Amino acid sequence: MRPIFSSLIAVVIGFFSIGLLVFFYHHQNQFSTHYKQVLSDLQNIVEIEHVLTYNILQNTLYLYSNQDSIANNRNRLAQVLQE
């Protein structure tokens, strides 16, 4: 009776450890996906900020330039920040 009981406990512990492994893999995968999305959004913000800074500097150098690109980039930045 003793060997059967110990092998039953080993099987239960094995299934429990496999369940924990799947659980932690799922949570790690979700964390990795969210982390990559946050880094991508931050990179987008930095890129739009650089383009906006370039457009503003270009507008200060050339007095008669079109300011639509500044307004478009400002709106893009506001949209990304709201997400």
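In α1, the residues I48, L52, N55 and N59 are buried (under 20% relative accessible area; exposed is over 50%, partly exposed lies in between; 1.4 Å probe, protein chains only). Their cover includes α2. Helices here are DSSP runs of H or I with at least four residues, numbered from the N terminus. The model is predicted: local features need pLDDT of at least 70, side-chain atom pairs count only at pLDDT 80 or more, and totals for chains, interfaces and linings use all residues. Residues are numbered from 1 along each chain as its sequence is written, and side-chain values use heavy atoms, with hydrogens and water left out.

Helix α1 has 60 residues. At 1.5 Å a residue, α1 should span 88 Å. The expected span is 1.5 Å times one less than the number of residues. The end C-alpha atoms of α1 are 88 Å apart, so the two values agree.

Two packed helices are described by the angle between their axes and the distance between the axes. Helix α1 covers residues 2-61 and helix α2 residues 68-82. Their axes come within 9 Å and cross at roughly 160°. α1 is therefore roughly antiparallel to α2. Axes are lines fitted to C-alpha atoms, for helices over the stretch in contact, and angles run from 0 to 180 degrees between N-to-C directions. Angles over 145 degrees count as roughly antiparallel, under 35 as roughly parallel, 65 to 115 as roughly perpendicular and the rest as oblique. The crossing of α1 past α2 is left-handed. In such a crossing the near helix is turned anticlockwise from the far one by less than a right angle; clockwise would be right-handed.

On the α1 side, the contact (heavy atoms within 4.5 Å) is made by D41, I45, I48, V51, L52, N55, I56 and N59. On the α2 side, S69, I70, N73, R74, R76, L77, V80 and L81 take part. By class, this contact has 9 nonpolar, 4 polar and 3 charged residues. Ala, Val, Leu, Ile, Met, Phe, Trp, Tyr, Cys and Pro count as nonpolar; Asp, Glu, Lys and Arg count as charged; the others, Gly among them, count as polar.

N55 lies in α1 and has a relative accessible area of 10%, so N55 is buried. Leaving aside neighbours within four places in sequence, N55 is in contact with S69, I70 and N73. N59 also lies in α1. Its relative accessible area is 18%, which means that N59 is buried. With residues up to four places away in sequence not counted, N59 touches S65, Q67 and I70.

Other positions give further accessibilities and distances. Y25 lies in α1 and counts as exposed, at 57% relative accessibility. Y25 and I56 are 31 residues apart in sequence and 46 Å apart in space, C-alpha to C-alpha. L63 lies in the loop between α1 and α2. At 67% relative accessibility, L63 is exposed. D68 belongs to α2 and is partly exposed, at 47% relative accessibility. D68 and P3 are 65 residues apart along the chain, and their C-alpha atoms are separated by 80 Å.

Key:
Helices (H or I, at least four residues) and strands (E, at least two) are DSSP runs, numbered from the N terminus.
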